[in-house]
Amino acid sequence: MSSTILEMRDITKTFPGVKALQNVNLSIDQGEIHAIVGENGAGKSTLMKVLSGVYPYGSYTGEIRYNGVECKFNGIHDSERMGIVIIHQELALVPLLSIMENIFLGNENARYGVIDWSDSERRARELLKKVGLNEDPRTLITHIGTGKQQLVEIAKALSKEVKLLILDEPTASLSEKDSAALLDLLLEFKQQGISCILISHKLNEISRVADRITILRDGQTIETLNKDQISEDRIITSMVGRPLDDRFPPREPKIGDVVLEVKNWSAYHPLHADRQVSKSIDITVRKGEVVGIAGLMGSGRTEFAMSLFGRSYGRRITGDVTLNGRKIDVSTVARAIDHGIAYVTEDRKAYGLNLIDHIKHNITLANLGGVSRLGVIDDLRELDTANEFRKKTNIRSSSVYQKTGNLSGGNQQKVVLSKWLFANPEVLILDEPTRGIDVGAKYEIYSIIARLAAEGKAIIVISSEMAELLGITDRIYVMNEGRIVGEMQSSEASQEKIMRAIVRAEAKAS
Amino acid sequence: MTTETVQVPVRTPQQRQAATIEALLTNLRDYGLILALIAIMIFFQFATNGVLFKPVNLTNVILQNSYIIIMALGMLLVIIAGHIDLSVGSVAGFIGALAAMLMVGWNLDDTQWAFLSNPLVAAFICVVVGGFIGAAQGYWIAYHRIPSFIVTLAGMLVFRGLTLTILGGKSIGPFPPEFQGLSAGYITDYLATWLGMAPYKLPLALGGTPLHLTTFVVGLIAVVAFVLVTIRTRRNREARGYESEPFPIFAIKSAIIAALVLFFVYTMSSYKGLPNVLIVMSILIALFVFITKRTTIGRRVYAMGGNEKAAKLSGIKTDRLTFLIFINMGILSALAGLIFAARLGTATPKAGTGFELDVIAAVFIGGASAMGGVGQVAGSVIGAFIIGVMNNGMSIMGISIDWQQVIKGLVLLAAVVFDVYNKNKG
């Protein structure tokens, strides 16, 4: 029996208002491939950040023992020195530097600050050979595909004498062939005694390579299964099997005629011209209806919503949009807004708010015409409006003159919502409306959604939290890899059903 | 919508006093810039043995800085939008040269194009050309996402070169007197003439100095209008149930501003009266205060500078807005170029050299942020005056140009460091 190389015991990590991890336990054997699965937000990434020192010792409670020694990492450098290397989902490569420059970035083969390039190249060749990448080390990263970039990341990890490799969804954006090659590589590393933590949603991959699997849910370890215990049903039940309490306001849906109909919608990635991000999507939303779009991260939900909202994302966008039976032009944001469509972004700081300006100016921004005449703003009308929405959505602030950058996540979200409510849309698309906000504020947001539906608005909610979708929607579309792969009435839906739709589509694709 | 009456909270005297002190402190921070200008002026008043405040000198300071201030208005929008324009000095020089060639250099008077040499027509053409220059640069910045720093750096070289080319490397002039009047002229004292008292002198009891009556009365009307408007705004707020700043602060603030303007007007009136340029400048300042504070366009510029992606997703056409901002900058640069040329009386190949630095410095001293999204017209104007008064004061003191630059550079750095420090603290 191989020896234990890593022990994480009773790890608890809290963020203001949220317990991200609660007494999580994890143990990894030498030469083991250990999979970690869980819903988005279950705490997988947080756990890995604790392990790699991104969250330094002291910011969490619990104990990390590595090779029997207690570790107090103060940063990613400390963990890398011990041979723990993490490869994130978003690759951390510099696109305009060469493969070898990236491999040795921050760890240059240098004496007195002068880099020995010929030796670097020799070592880079060796490393590339190990990971099976047949490329000139002087090639720029931007000239090789994502699959090969992934291998460069692994070569980079090997250059640091890795003992424990952590891969966060390594195959999320890889083709089938590249994924298979990567998994083979992991098996090869296993032979060399390198341990590996694999975070993945793809259960077929996990059952292929993993020795053990640990399931996280709501920041807690649910169970650790051995290879012979692994089955799709077992994993899904453990992943989503949380009791539903009344975290959602009650609602009596009054659903009317179809308001919005999107037909045959397709769009391509703005940079990779041949990557289709939306694949002939058809959806409808009715008056007073709350429709959910479920899916994993990277399934193309945000890309779809943004391409729909004035072509804010993607290229070569085609498809028809009908509003109340009339075909409409949504080719610019201004036109989409004029037709009564609003999109509340998933990233309120980057796309939703002007953080250096105050609440009042943010609320009126999408509908300045509503507080002005002939282009001249009526200051007092604007103030009245801002105060009205501050009260309506219960924004907690000293006044409407508080900078939005100083508000909490929940209150920022209410400002963004207010902005779009003031634009008085018929169709409201909410992208991850409760991401990163505390439970209390979540309930308030749900109540606002329920009220808007009761007022007869058509609402689309994109969310990675399945419980949330089941709790607040009337109907759910399931999306995977830019395609609608399932549709169900919320009353008949369950987290298992949604997961199954995703996993099935995944299996069909791979 | 139902109107609700909002109760203005009743406060105890202690609370009222605390609020007054708090408001005083916020105001001190807000008005730090104007206090700095006053301090600098007082310093130079002593350092120059009282020359600075002499009516003739004060008038000069305004004339010398009018073109910087006019360009600063455009530059403020450019900087709020998150861009920069390095070409304004060259464009101003080029437009001055174009005006000289139209009015004098090309001898159009004897040809069928004679009408083009009419000062009014020529000036109009120049302003239009300025707009096109702005459009040409703005096109690359707005629609092709070329960094403004690079586009306008290119523009700076191009228009400096074109200035030299069309002037043939030498100075062209003199401009016709009607055109020079744009910068060198003063409004006529219509009022005194109408009253049959021209040239008017104060009664002996009040010193007996000559006084430009029209200037004084226009200034007085402006001050009264200012006070009335602020009082009305305050009343309106209170009528809608909103709190306004404590009355003492409001009164002191208004009184200080009114007193400053009155002092200024009086000084002007005791020299030759209102310069024509000052009228043009005041109208433009008022217009840009209005645009930035009250119009949807102004609001959109701030939003775009604060978070372009969010602005875009709120339906703001950021490309077009950027394009318009650069057209505006081109027009104002042209106007400034005309004023500068009219002031010199001739167009020289060197005209406008280094203006961009004074203009950009004025906007940053005035509290604009290099990251975009922040900045005020009042701040930029005061910033321009701070630079102008320093230039003027140091010249009178006989400090060499070399050291003047050193000092100006340090003041710019100090002003921005102070601003950043203040913001981080608050």
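Where in chain B is the place of Arg145(B)? Arg145(B) sits in the loop between helix 5, residues 119–143, and helix 6, residues 148–167, of chain B, and I start there this morning, keeping in mind that what we have is a predicted model.

Arg145(B) has a positive phi of about 55° although it is not a glycine, and most residues other than glycine have a negative phi. As for its surroundings, Arg145(B) has 9 C-beta neighbours inside 10 Å and therefore counts as exposed, since the cut-off for that class is 12 or fewer.

Asn394(A) is placed in the loop between helix 13 and helix 14, the latter being residues 409–422, of chain A. Because Asn394(A) has 14 C-beta neighbours inside 10 Å, it counts as partly exposed.

Let me turn to the layout of chain A, which is divided into domain 1, covering 4–240, domain 2, made of 258–340 together with 425–509, and domain 3, covering 359–422. The C-alpha centres of domain 2 and domain 3 of chain A lie 26 Å apart, and where these domains touch, 11 residues of domain 2 of chain A are in contact with 8 residues of domain 3 of chain A. On the domain 2 side of that contact, helix 15 of chain A, residues 439–454, gives the most, with 4 residues, and the residues of this side divide into 8 nonpolar, 1 polar and 2 charged.

The next topic is the contact between the chains, in which 24 residues of chain A meet 22 residues of chain B. At least two residues of the chain A side come from each of helix 10 (333–338), helix 11 (348–352), strand 20 (376–377) and helix 13 (379–392) of chain A. By class, the side of chain A that touches chain B has 16 nonpolar, 7 polar and 1 charged residues.

Notes:
Residues are numbered from 1 along each chain as its sequence is written. Chains are lettered from A and ligands numbered from 1 in the order in which they are written. This is a predicted model: local features need pLDDT of at least 70, side-chain atom pairs count only at pLDDT 80 or more; totals for chains, interfaces and linings use all residues. Domain bounds come from an automatic or database domain assignment. Two residues are in contact if their C-beta atoms, placed from the backbone, lie within 7 Å. Ala, Val, Leu, Ile, Met, Phe, Trp, Tyr, Cys and Pro count as nonpolar, Asp, Glu, Lys and Arg as charged, and the others, Gly among them, as polar. A residue is buried if 20 or more other C-beta atoms lie within 10 Å of its own, exposed if 12 or fewer, and partly exposed in between; C-beta atoms are placed from the backbone.
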